[in-house]
Each structure stands twice: as C-alpha cells, then as structure tokens.
Amino acid sequence: MTTSPDPVGFDAHDHASCISDAMETAARYCDRHGLHFTPTRRRVLELLLTRHRALGAYDLLEKLREEGLGSQPPVAYRALDFLVTHGFVHKIEHLNAYVACSHPGEEHAPAFMICRTCDAVVETPARPTTGALGSAARKIGFQIETTVMEASGTCPSCRPDATG
C-alpha cells in the first residue's frame, strides 16, 4: 500500500516509515527494559503517530472504546502516563493534549510549534540551558531541570501569504 507523504516539521515525509520506525523503537525499548508494551499502550502510540497533531485523552479514549480496548478514562490516562514517562509521547500543556515524540529514544529538550489554524504540532530541538533562559537562570543561581516550550502561530500551509 502506498501512502502519500504527510507534513512533519511542516515538510513532506514517508508517513508509513515514520509510524513503523517509531513503533519499532518503542517495542525494542520496552523489550530492553523489561516493560510491557500492552496492546492499549501500543494502540495509543499508534493513534498519536498517525496524525502529527495533538490529541486529548478523551479523543484517544473514544477510539479505544470503538476498538474494544477500554471505555473508562483511566485506560487512556494510564497508557499516556506510561508513554510520557518513557519518552514516546509529550504533553502539550497549552492544548492539554498529547503528541507522539519525533525523536523517541533520544535524550532531548523539545520545543513545540503549534499551528492555531490546523492544529499541526511540530517538535523541534531546544536548548533552554544554553540560551537566554539558561543565562537568566544562571544569573540567579537556578538550575533548570525541565522545561516546556510551546509557541503558537501559523504554519506555512495556513498562512494567508502561503503559495501553493
């Protein structure tokens, strides 16, 4: 089956390979660490990977319910908690929703670009400890442990001046 490229980083890519690679990375990670990659966890990750948009827990629960994988909110929240804890999913605080990690298995500090028109979410690398935030923290003796960087705006496809 041939799939058309979908935007990632607001660029086209092989979406089938993207999903397959991320699912394989998650499965290998779980095997190496003795973790259970349950059918529900697997399906939640797959649902997030099929779209490069953030989905809320209740959106995911609806899909799980339709597929017979659970109908109570704790089912979705437990799967999301596992996937976030192990770095396969990020929570987008601004949207109170979740998005699949673009760099699973890699140590990184992401920033998110969120299109307010189409809701596309792109993960990009951030270096909060070396930029202006890191400098400000050092000046006051603060040690940054985690950050959540999110920017809302308009992607190239949705901007009024976009050509295409």
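Modeller: Helices (H or I, at least four residues) and strands (E, at least two) are DSSP runs, numbered from the N terminus. The model is predicted, so local features need pLDDT of at least 70 and side-chain atom pairs count only at pLDDT 80 or more, whereas totals for chains, interfaces and linings use all residues. Residues are numbered from 1 along each chain as its sequence is written, and side-chain values use heavy atoms, leaving out hydrogens and water.

Colleague: In which pattern do the helices and strands follow each other along the sequence?

Modeller: The protein chain has 5 helices and 7 strands. Read from one end of the sequence to the other, they follow the pattern β-β-α-α-α-α-β-β-β-β-α-β.

Colleague: What share of the 164 residues counts as buried?

Modeller: Buried is used here for under 20% relative accessible area, exposed for over 50% and partly exposed for what lies in between (1.4 Å probe, protein chains only). Of the 164 residues in the protein chain, the share that counts as buried is 34%.

Colleague: Which residues does Thr 40 contact, leaving aside its neighbours within four places in sequence?

Modeller: Thr 40 is found in helix 2 and is buried, because its relative accessible area is 15%. Leaving aside neighbours within four places in sequence, Thr 40 is in contact with Leu 64, Leu 69, Val 75 and Ala 79.

Colleague: How far is Tyr 98 from Leu 55 in space, C-alpha to C-alpha?

Modeller: Tyr 98 is found in strand 4 and counts as buried because its relative accessible area is 9%. Beyond four places in sequence, Tyr 98 touches several residues, among them Leu 48, Tyr 77, Leu 80 and His 90. Leu 55 is 43 residues away from Tyr 98 in sequence, yet the C-alpha to C-alpha distance is 5.3 Å.

Colleague: With which side chain does the side chain of Glu 123 make a polar contact?

Modeller: Glu 123 is found in strand 6 (residues 121-125) and, because its relative accessibility is 9%, counts as buried. A polar atom of the Glu 123 side chain lies 2.8 Å from the backbone nitrogen of Ser 102. A polar contact is a pair of N or O atoms within 3.5 Å, where within protein one must be able to donate a hydrogen and the other to accept it, and residues adjacent in sequence count only if both atoms are side-chain atoms. The side chain of Glu 123 makes one, at 3.4 Å, with that of His 90.

Colleague: What is the phi of Asp 119?

Modeller: Asp 119 has its place in the loop between strand 5 (110-115) and strand 6, and is partly exposed because its relative accessible area is 40%. Although Asp 119 is not a glycine, its phi is positive, at about 70°.

Terms used:
Contact means heavy atoms within 4.5 Å.
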